[in-house]
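This report walks through selected local features of one model, from backbone angles to strand pairing and helix packing. Please keep the sequence and the structure in view while reading.

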Amino acid sequence: MRSIMARKTTVISAVVIFMLLTINNFVYIHNSLYNFCVNAIKIKSLYSVKNYSTYETENFIIKYTPEDGDVVAIVANTIEKDFFQVKQRLNHRLHNKVQIIIYPDLEIMRNKLNLSQKDYPMGIYYGGILHILSPKVWINDSSMDTLSREFAANGPMVHELIHLIVDEKANGNFPLWFTEGIALYYEYRLTGYEWGKGLANIQIPNTLSQLTHRFELLDQDLAYRKSFEIIKLIADRYGEQKILHLLDQLGKGQIGMNSQVSLEKR
Ligand SMILES: [Zn+2]
């Protein structure tokens, strides 16, 4: 009996070790493949702005055109300040300096990122890069003081920086609703801006499965609001640490979510 038990234990141990090795290999392959795809997109994006000038800060490398030569330092300052609070709240250290591209107008931004005429983005996180529209396009005031204040108060940076950190922590192993919910949640906590506040009392019917598999086909206002509400519910009930823990587990492949949309623009 003893020998059979010992043999069983050996077989079970071998299976467990094999499973762990397989899971680790799978996580390694997934993460490597994901990073390869992100890098390919990054190289393409940077090539498309190879003639832009460069402004470097402690954590960022900013590409910009002569039209934004007078605001690039203001933008850089705001981003560094935003990043300081975001990285502390999400307890994250960047892997490398992050590239930012400032597009001088909406048409150029749409063109370079293959966006439709229906899109009016202020900022987009895509392929490891923060793509932003020049604040001069949406802030109608010639004074630099106002531009600086407006960009800090109403700009897209906190939201996009959170997308970046979620991506670095979880290696793209999540659906779109999850990263949008986290970005909206921390934006709300850090800046006080609550997205879709007017929808607060509406019972939004979207299920988790719909959010995961058909996010872009849903009514976007409702889908974003629902994503925010789910993440807020988790944070309210279990604490913000739970969200950070989930991100760590996703990054290590200890839990999985559908990641088919992880290379989307967001
Ligand atoms: Zn977003």
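## Loop residues with positive phi

N114 is found in the loop between α3 (106-113) and β4 (123-126), where helices (H or I, at least four residues) and strands (E, at least two) are DSSP runs numbered from the N terminus. The phi of N114 is near 60°, a positive value in a residue other than glycine. Most residues other than glycine have a negative phi. N114 counts as exposed because it has 9 C-beta neighbours inside 10 Å; by definition, a residue is buried if 20 or more other C-beta atoms lie within 10 Å of its own, exposed if 12 or fewer, and partly exposed in between, with C-beta atoms placed from the backbone.

N91 lies in the loop between α2 (72-89) and β3 (98-103), and although N91 is not a glycine, its phi is positive, at about 50°. With 13 C-beta neighbours inside 10 Å, N91 counts as partly exposed.

## Basis of the model

The model is a predicted one, in which local features need pLDDT of at least 70 and side-chain atom pairs count only at pLDDT 80 or more, while totals for chains, interfaces and linings use all residues. Residues are numbered from 1 along each chain as its sequence is written.

## Strand β3 and its partners

Five of the six residues of β3 are buried, so this strand is largely enclosed by the rest of the structure. Strand β2 (residues 60-64) pairs with β3 in the parallel sense over four bridges, pairing being assigned if DSSP finds at least two bridges between two strands. The chain passes from β2 through α2 to β3, and this β-α-β crossover is left-handed; a crossover is right-handed if, with the strands pointing away from the viewer, the path from the first strand over the helix to the second runs clockwise. Strand β5 (residues 129-133) is also joined to β3 by four bridges, and these two strands run parallel, with L133 in β5 as the bridge partner of Y103.

I100, found in strand β3, is buried, with 24 other C-beta atoms within 10 Å. I62 stands opposite I100, and although the two are 38 residues apart in sequence, they are 4.6 Å apart in space, C-alpha to C-alpha. Leaving aside neighbours within four places in sequence, I100 is in contact with F60, I62, I79, L130 and I132, where contact requires that the C-beta atoms, placed from the backbone, lie within 7 Å.

## Packing of α7 against α9

The axes of helix α7 (residues 176-191) and helix α9 (residues 220-238) come within 8 Å and cross at roughly 70°; axes are lines fitted to C-alpha atoms, for helices over the stretch in contact, and angles run from 0 to 180 degrees between N-to-C directions. That makes α7 roughly perpendicular to α9, a description for angles of 65 to 115 degrees, whereas those under 35 count as roughly parallel, those over 145 as roughly antiparallel and the rest as oblique.

On the α7 side the contact is made by W177, E180, G181, I182, L184 and Y185, and on the α9 side by A223, Y224, S227, F228, I230, I231, K232 and A235. These residues divide into 10 nonpolar, two polar and two charged, with Ala, Val, Leu, Ile, Met, Phe, Trp, Tyr, Cys and Pro counted as nonpolar, Asp, Glu, Lys and Arg as charged, and the others, Gly among them, as polar.

Notes: Contact = placed C-beta atoms within 7 Å.
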